[in-house]
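Dear colleague,

Please find below the structure that I am handing over to you. My notes on it follow.

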Amino acid sequence: MGNKLSGKDLIKIGFPKNNSINIALGQINRYRKREKKESILNEAKEVLLSPEKFTGHGTWGKVAEGLVNPVQVRMHQLNNTRAPFSIFGENEIDEQAKYQLYDALKLPVSVAGALMPDAHSGYGLPIGGVLATDNAVIPYGVGVDIGCRMSLSIFDIPASFFKGKEHQLQAILKDNTKFGMYETHTIRADHEVFSRSEFQDIPIIKNLLGKAYKQLGTSGGGNHFVEFGIAKITNPLNEWKIGVGEYFAVLSHSGSRGLGANIAKHYTYLATKQCPLPKNVQHLAWLDLNTHDGQEYWLAMNLAGDYAKACHDDIHRRIAKAIGKRVVVTIENHHNFAWKEMVNGKEAIVHRKGATPANAGELGIIPGSMTAPGFIVQGKGNTESLNSASHGAGRLFSRRKCKESFTQSEINKVLKANDVTLIGGNIDEAPMAYKDINKVMANQVELVDVLGTFTPKIVRMDR
């Protein structure tokens with residue numbers, strides 16, 4: 001008896017000669033490689049005797065499913081007709097983004113869809129795309145940066161706080177934020193999110209705990225930022241305890257870092273294996289929520305979303321402490337996520353990839369660019385948009401186009417004209433890369449009410 005477990009060993013203890021053997025070997029090789037063959041075979045015998053006891057188990061849940069109710073892997077074809085949809089600000093959206101939504105609407109699991117006025121093409125679902133499905137979750141419909149979100153902290157300090165403190169505030173941003181692939185905080189913070197059972201129960205997540213702990217409170221790269229600016233409140237809510245006026249505020253944009261990226265990669269791979277689709281739409285492979293992998297992804301995605309929130313909370317805590325003042329209002333929202341919501345009287349999975357949840361009364365923040373205002377909004381609960389709004393201004397130029405079209409000195413001129421200080425940042429995030437946020441907002445007056453604006457003054461990004 002060699003040390004490596006084989007299919008023959010499993011057949012010997014009574015495993016049926018079907019795919020459950022491949023599933024078992026796959027799970028063991030991925031997660032239990034270092035363990036003794038005998039102890040694994042003893043566990044495998046227990047799974048074989050009463051598979052129902054192992055439903056949802058990290059290593060054996062998928063094997064138990066293979067024994068009791070195997071996932072049917074078959075080629076899915078697109079429907080000939082699209083599920084119902086609405087497009088907001090149609091004239092401002094590129095054709096490719098529309099076609100990506102049209103393809104998604106033909107998936108056999110699609111119930112309804114919508115395109116927000118900041119939409120542009122992406123992988124799988126377009127950015128600014130909203131898709132409701134029946135009991136299925138599409139990892140690429142959520143996106144790679146799971147739980148990417150906005151968080152705005154408003155201080156009960158007048159906007160004039162900036163005067164004469166520019167250098168001090170720049171130093172606070174530099175000292176309390178971390179950007180790029182590898183920068184992390186020297187003094188790490190703990191957080192209750194790390195005691196979540198998913199970090200123990202789901203093998204892939206167990207392996208990511210160290211990385212998640214290290215990256216807490218960091219922002220990564222791309223279009224992520226932390227910035228000081230002025231929140232101009234025009235329609236305050238009673239519970240805010242601040243009136244109409246201009247206040248000092250901090251806005252951050254980032255997601256779930258390496259934790260979310262690894263979850264996205266792993267479950268996208270599983271979805272494409274389990275849900276073969278025509279080549280042009282294979283990015284839209286889904287996981288059935290009644291399967292082991294579907295359930296596991298749902299838990300992992302929600303954990304990544306809570307971790308992204310924890311990262312923002314840590315950033316804002318550090319900054320408030322450095323400033324020595326208390327935050328009076330926090331407004332925050334995800335824009336790369338999936339939720340269970342009612343659509344046409346039936347529960348559906350609503351994917352918002354680069355779209356802000358805008359249920360009736362729900363608060364959110366829609367940023368412009370580093371030289372354009374962002375908008376503090378309250379959702380109107382418009383069912384046509386599947387209770388959604390845009391997640392920003394949306395890109396006009398791709399990253400590659402930016403590098404071909406703009407120079408650093410042009411960017412510097414625009415920053416100077418708008419009285420904005422930029423720390424880091426590069427050409428592909430040029431203010432000119434984005435659509436006009438005022439036009440985008442004009443195209444979604446049916447979706448949100450505006451309660452105020454946020455104007456950036458000191459912006460920190462990755463270099």
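At which residues does UniProt place the feature "binding site"? According to the UniProt record, which is an unreviewed entry, the feature is at Asp-145 and His-224. Please note that the model is predicted.

These two residues are spread over 80 residues of sequence, yet they cluster in space, with a largest C-alpha distance of 11.0 Å. Asp-145 is situated in the loop between helix 6 (139–142) and strand 5 (149–158), while His-224 belongs to the loop between helix 10 (209–215) and strand 6 (225–233). Asp-145 counts as buried because its relative accessibility is 18%, and the cut-off for buried is under 20%. His-224 is also buried, with a relative accessible area of 10%.

Leaving aside residues up to four places away in sequence, the contacts of Asp-145 include His-224, Ser-254 and Gly-255.

In soluble globular proteins, nonpolar side chains tend to be buried together. The largest nonpolar core here has 57 residues, of which Val-137, Ile-146, Ile-263, Tyr-267 and Tyr-297 touch the most other members. Several elements give two or more residues to this core, including helix 5 (95–105), strand 2 (110–120) and helix 11. Helix 12 gives the most, with 9 residues. Apart from this core lies another, of 51 residues, among them Met-116, Met-150, Met-370 and Ile-411. Ile-146, in the largest core, has contacts beyond four places in sequence that include Ile-263, Tyr-297, Met-301 and Phe-337.

A search of the whole structure finds 1 cavity of 30 Å³ or more. The largest cavity holds about 50 Å³ of space, and its lining has 3 nonpolar, 3 polar and 4 charged residues. Helix 2 gives the most to that lining, with 3 residues; helix 11 (257–274) and helix 12 (292–323) each supply at least two.

The second largest pocket contains about 690 Å³ of space. It is lined by 35 residues, and the closest to its centre are Glu-65, Val-71, Asp-288, Asn-290 and Thr-291. By class, the lining of this pocket has 13 nonpolar, 14 polar and 8 charged residues.

Yours sincerely,
A colleague

Definitions and conventions. Residues numbered from 1 in each chain as written. Predicted model: local features only at pLDDT ≥ 70, side-chain atom pairs only at ≥ 80, totals over all residues. Heavy atoms only, no water. 1 Å grid on protein atoms, 1.4 Å probe; cavity = no way out; pocket = protein on both sides within 12 Å on 5 of 7 lines; lining within 4 Å. Points joined across faces, edges and corners; volume = space filled by probe spheres on them. Helix = DSSP H or I, 4+ residues; strand = E, 2+ residues; numbered from the N terminus. Nonpolar A, V, L, I, M, F, W, Y, C, P; charged D, E, K, R; others polar. Core = buried A, V, L, I, M, F, W, Y, C linked by side-chain atoms within 4.5 Å. Buried < 20%, exposed > 50% of the residue type's maximum accessible area, 1.4 Å probe, protein only. Contact = heavy atoms within 4.5 Å. UniProt positions renumbered as here; feature names shortened; annotations may be inferred.
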